[in-house]
Amino acid sequence: MTDTAPPQDRPPLPPFTRDTAIEKVRRAEDAWNLRDPQRVSLAYTVDSRWRNRSEIFSGRATIVEFLTRKWQREHEYRLIKELWAFTDNRIAVRFAYEWHDDTGAWFRAYGNENWLFDRHGLMAERHASINDLAIATTDRKFHWDRSAPRPLDHPGLSDLGL
C-alpha cells in the first residue's frame with residue numbers, strides 16, 4: 001500500500017472490546033519483534049503522530065527512519081506488551097523490552113504507550129514514555145528466538161513480575 005492509496009482495514013477495528021484490544025496489542029508486539037520497519041509502519045496512518053521519549057514526529061516515512069535507527073542501535077531486541085486499558089478507539093499498554101548495545105551492555109526498557117486509532121484500525125497517534133534500566137546478562141527474562149514473535153507459552157509481563 002502506498003501513502004496515496006485509500007486506507008485498508010487493519011483488524012481488529014474499533015470500537016474495541018477487551019478481547020479485540022488484547023488481540024490488537026499482541027499483533028503490535030508480534031510485528032515489533034520481527035523488527036521490519038516497513039512492515040511495522042503499515043499499522044499506522046500515513047500522517048500518524050508520534051512522541052517517543054524526547055522525539056516528536058509524524059508520517060510513515062519518518063516512522064520507518066526512526067525504527068531503522070532504533071533497531072540498528074538496540075541489538076537482540078525482544079519486546080512484551082500488555083493491555084492496561086481501552087475505550088472505543090483508544091488503547092493503553094505497558095511494555096518492557098530487552099536489548100544490548102554495541103559494547104554488549106544489556107538494558108531493560110520499561111514504558112507506557114497511549115494509542116489512538118482511526119476507523120480503519122490504523123494507529124493515528126502513539127505517545128510513548130520509556131525508561132531504560134541497565135541489567136546484568138544473568139537478569140535477562142526474555143528468551144526466545146530473536147527473529148520471531150514471542151512464543152504463546154512464554155510468560156507475559158505480569159507473569160514475570162514486571
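The following legends describe close-up views of a predicted model.

**Figure 1. The six-stranded sheet.**
Six strands make up an open sheet of mixed pairing, arranged in the order β2-β1-β6-β5-β4-β3. From one strand to the next, the twist averages 20°.

**Figure 2. The pairing of β3 with β4.**
Strands β3 and β4 run antiparallel and are joined by nine bridges. Within this pairing, Leu83 stands opposite Val93 of β4. Strand β3 spans residues 75-86, and β4 spans residues 90-100.

**Figure 3. Helix α3 and its buried side.**
Helix α3 comprises 14 residues, 60-73, and reaches 20 Å from its first C-alpha to its last, close to the 20 Å expected at 1.5 Å a residue. Its buried residues are Arg60, Ile63, Val64, Phe66, Leu67, Lys70 and Trp71. They lie on the same side of α3, because they cover an arc of only 165° around the axis. In an α-helix, residues three or four places apart point the same way, because there are 3.6 residues a turn. The cover over the buried residues of α3 includes the helices α1 (18-34) and α2 (37-41). It also includes the strands β1 (44-52), β2 (55-58), β3 (75-86) and β4 (90-100).

Most peptide bonds are trans. A cis peptide bond, with omega about -5°, joins Pro11 and Pro12. Another cis peptide bond joins Pro14 and Pro15, with omega about 0°. Pro12 lies in the segment before α1, and Pro15 is found in the segment before α1 as well.

Most residues other than glycine have a negative phi. Arg35, which is not a glycine, has a positive phi near 55°. This residue is found in the loop between α1 and α2. Arg53, also a residue other than glycine, has a positive phi of about 55°. Its place is in the loop between β1 and β2. Arg53 counts as partly exposed, because its relative accessibility is 31%, which lies between the limits of 20% for buried and 50% for exposed.

**Figure 4. Salt bridges within helix α1.**
A search of the whole structure finds 14 salt bridges. One of them joins Arg27 to Glu23, with the closest N and O atoms 2.7 Å apart. Both residues lie in helix α1, four residues apart, about one turn of the helix. Arg27 is partly exposed at 43% relative accessibility, and Glu23 is likewise partly exposed at 33%. A further salt bridge is formed by Arg26 and Glu29, whose closest N and O atoms are 3.9 Å apart. Because Arg26 and Glu29 are three residues apart in helix α1, about one helical turn separates them. Arg26 is buried, with a relative accessible area of 18%, and Glu29 counts as buried at 0% relative accessibility. Arg26 and Glu29 also belong to a network of salt bridges that links them with Asp30 and Arg150.

**Figure 5. The salt bridge between Glu98 and Arg140.**
Glu98 forms a salt bridge with Arg140, and the closest N and O atoms are 3.8 Å apart. This pair links distant parts of the chain, 42 residues apart. Glu98 belongs to strand β4, whereas Arg140 lies in the segment after β6. Both Glu98 and Arg140 are buried.

How values were computed:
Residues numbered from 1 in each chain as written. Predicted model: local features only at pLDDT ≥ 70, side-chain atom pairs only at ≥ 80, totals over all residues. Heavy atoms only, no water. Helix = DSSP H or I, 4+ residues; strand = E, 2+ residues; numbered from the N terminus. Expected span 1.5 Å × (residues − 1). Buried < 20%, exposed > 50% of the residue type's maximum accessible area, 1.4 Å probe, protein only. Arc of directions from axis to C-beta. Contact = heavy atoms within 4.5 Å. Pairing = 2+ DSSP bridges. Axes fitted to C-alpha atoms, helices over the stretch in contact; angles between N-to-C directions. Salt bridge = Lys/Arg side-chain N within 4 Å of Asp/Glu carboxyl O.
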